[in-house]
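Visitor: Could you walk me through reading this complex? I would like the general idea each time, and then the case at hand.

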Amino acid sequence: MKRSVWMVGLVLVLWPAASRAQLELHGFVESGTAVRLGDVGGVPAEWGSVPAGQLPAVWAGPQDFLMREARLQLRGDLYGDVGEAHFVMDALEDGLRQGSAEMTLREGYVKFNALGDHLEVRAGRQPTTWGTGDLLFINDLFPKDWVSFFIGREDQYLKLPSDAVRLGIYGLPVGVDLVYTPQFTADNLPQGERLAFWAPAFVPTQLPTSELGNGEFALRLNRYFGSINAAFYGYVGFWKSPLGMRVEASSPVGFYYPELRSWGGSLRGPLFGGVAWAEGAYYDSADDPDGVDPLVPNSEWRGMVGYERSWWSDFTGGMQFYWEGMQDYAAARSSLDAAFGPQAFLKDENRTLLTVRLRQQLLYQTLTLGVFGFYSPTDEDSYVRLTADYDYSDQLKLTAGANLFQGKDSRTLFGMNDQNDSVYGRIRLSF
Amino acid sequence: MKRSFVLFLMMIVVSGVGVAGIAGAQTPDATELMKTAHLNMYYPGDDGVAKVDMRITDKRGKTRTRKFVILRKDWEEGGEQRYYVYFFEPNDVRRTTFMAWKNPDADDSRWIYIPALDLVKPISANDKKSSFVGSDFSYEDVSGRPWTDDVHTFLKEEELDGHPTYVIESKPKKKDYFARKLTWIDKDSSLILREEYYDSKDRLQKVFETLEIKVIDGITTAVKRRMSTPKKKNVTELSFGDISYNVGIDAKVFSERFLKSPPREYIQE
């Protein structure tokens, strides 16, 4: 991380010398606190007894806070004759990681056009988003920070940046976006530091090695037909969560990120005064094409449809229906039975999810009240996000919210978060 | 008014035509006046760039500010047009961009781009009276309500702050958020100087005022505008600066690509 700080410094010093440039500096200071509602309980039964020294923080002792932090974000935008440079530095004083202020480079990239404006290049650390879903992602396989999302940090922290080269090619019948990430970047998932979680075993997770072949390629082709956008997507890389398991002498020794290839499409456009979208993809679990390996996730089909509109002034309401289906469920189940017995957890053959978003703005849009609910009829679990944002002034913003989980089974996505219910508050001063 | 009465008398006396003269005085065509005023207010030139300073003052006198650049290109005079907005302030929305494709015959299409998430989001556009960025101006007030949505009647001629004006009453053809609207159109510039919106119980809802007029690139422009909501004692003032017309904005600027990569040539704070 130190190296990246130096890089930013170097860019700052050299840029103005290279061209007439304009630097804009802005940012914010924010303080946030999240308090757990209820108790965490014990570690998952499957883990057996975990040595006290290795217990994740949430189980090691009382931990009532999920977030207790102060943050300074500095953003700089440099505009020169030949291109632009953007950087965002976060200095985080994290009360849950005592004694260490963390410096994180959230963005640090250079952008320029070439080939007579037909090519746009963005190189460096940057966030990338595509696809149509509202907090549901099918073809967007760029890294996410689910911990930040679940503990109540601001929305921008759901997106993890990746160190990537992004090419935009224009002037063809379709717009082409190509993102190459040389080093695979995984999602940030609960690991017991702030949030209790479930995993089939308590063993370490291994990232793909830093070989040249272990990067990620993501492609999007898209075109507008009037206001309707049609897109095709492709991805070659790895599952974003460590769904693969390594076993030695029939006991788990580690998790890893199996290879994933995916392709899919989406449509989004205006419908009945609102916006409608549909998206689907095939996830090809390349390490297990026939779905018979109990240690590797099955290939899957995923799809969703959604609709959102304004129902009255300053009120929007939207709904989504999402489905994922395993390709070789029977093969996966029987191979798992053979390896670990019928108690071993396997998700349902079909998993469905409904989401609802309601948002009302009041007092000349200075107060925003929002509800976002996830409910899975197949997993029988749910997740409700409540938020209230108040702009006290153009500079000062107050946020309060709650993250509430419910589930019958502590092994499903929201079920495993059942002990992670929390309320939070944030105060931010922007400059 | 007085002067025209004297002129009227003189006409009778001098010409001797008398009654015939009165019959010959035509009532101005209200729809034609509204159309011209609408085109002058919302379609000046073929395209335009301006820096906008928006000041929202609430009933306690607290002020919020929005600063943005607005680009506009007309696809058809009085018809389709496209808008592009880049925000400088407030700081927490800095670099956010907004795009609207206005279609008077159907719903508009609107998109917003949130740079911290690299997220392009289409936003539903069925509600034209939703507030634009928390101001007294609705989306429709910013881009102008098509004159074809209302039936217009000429009421009278009147002097408003020293400007001779035509006063026109408009009623929506279909049930809408206001029941009637009075418009004062400047005889000299054919710009709208004032509008009053009334609800179905004839209570004043909103007042629009042109506060300053300048000639820019030969085009008479309302450079300072105000919208007030008397019931809530809330006021929004818009000041347009660095205006230029007919700059030849490329049509492709109004696309997702430029929503994500703002065209720097137009965006200087």
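Visitor: How many residues of chain B are in contact with chain A?

Guide: Contact means heavy atoms within 4.5 Å. By that rule, 43 residues of chain B are in contact with 50 residues of chain A. Before going on, note that this is a predicted model, in which local features need pLDDT of at least 70 and side-chain atom pairs count only at pLDDT 80 or more, while totals for chains, interfaces and linings use all residues. Residues are numbered from 1 along each chain as its sequence is written, chains are lettered from A and ligands numbered from 1 in the order in which they are written, and side-chain values use heavy atoms, with hydrogens and water left out.

Visitor: What confidence does the predictor give the complex, and what is the mean pLDDT of chain B?

Guide: The complex gets an ipTM of 0.92 and a pTM of 0.91 from the predictor. As for pLDDT, that is the predictor's confidence in each residue, from 0 to 100. Chain B has a mean pLDDT of 90, with 91% of its residues at 70 or more. Over residues 9-24 of chain B, however, the pLDDT is below 50, and this stretch has 5 contacts in the model beyond near neighbours in sequence. Where pLDDT is low, the predicted coordinates should not be read in detail.

Visitor: How much area do chain B and chain A bury between them?

Guide: Buried area is the accessible area (1.4 Å probe) that two parts lose on being put together, summed over both. Chain B and chain A bury about 3900 Å² in this way, and 40% of it is on carbon and sulfur atoms. Of the area that chain B buries against chain A, B:R95, B:L117 and B:R257 supply 16%, more than any other three residues.

Visitor: How many salt bridges and polar contacts are there between the two chains?

Guide: Side chains of opposite charge can pair when their charged atoms come close. For a salt bridge, the rule asks for a side-chain nitrogen of Lys or Arg within 4 Å of a carboxyl oxygen of Asp or Glu. Between chain B and chain A the count is 7. One of the salt bridges joins A:D394 and B:R66, whose closest N and O atoms are 3.1 Å apart. A polar contact is a pair of N or O atoms within 3.5 Å; within protein, one must be able to donate a hydrogen and the other to accept it, and residues adjacent in sequence count only if both atoms are side-chain atoms. Across this interface, 26 residue pairs are in polar contact, both residues being at pLDDT 80 or more.

Visitor: Which elements give two or more residues to the side of chain B that touches chain A?

Guide: Helices (H or I, at least four residues) and strands (E, at least two) are DSSP runs, numbered from the N terminus. The elements in question are β2 (63-74), β5 (109-114), β6 (119-123) and α5 (256-260) of chain B. The largest share, 5 residues, comes from β6(B). By class, this side of chain B has 13 nonpolar, 13 polar and 17 charged residues; Ala, Val, Leu, Ile, Met, Phe, Trp, Tyr, Cys and Pro count as nonpolar, Asp, Glu, Lys and Arg as charged, and the others, Gly among them, as polar.

Visitor: Now for chain B itself: how many helices and strands are there?

Guide: Chain B has 5 helices and 13 strands, and its C-alpha trace spans about 75 × 40 × 35 Å along the principal axes. Of its 269 residues, 52% are buried. For accessibility, buried means under 20% relative accessible area, exposed over 50%, and partly exposed in between (1.4 Å probe, protein chains only).

Visitor: Which parts does the salt bridge of B:D202 and B:R180 tie together?

Guide: Their side chains meet at 2.8 Å, N to O. B:D202 lies in the loop between β10 (192-198) and β11 (204-216) of chain B, and B:R180 in strand β9 (residues 180-186), so the pair ties together parts that are 22 residues apart in sequence. B:D202 is partly exposed at 41%, whereas B:R180 is buried at 18%.

Visitor: Is B:R60 buried or exposed?

Guide: B:R60 counts as exposed, at 67% relative accessibility. Its salt bridge partner is B:D58, at 3.8 Å from N to O, and B:D58 counts as partly exposed at 21%.
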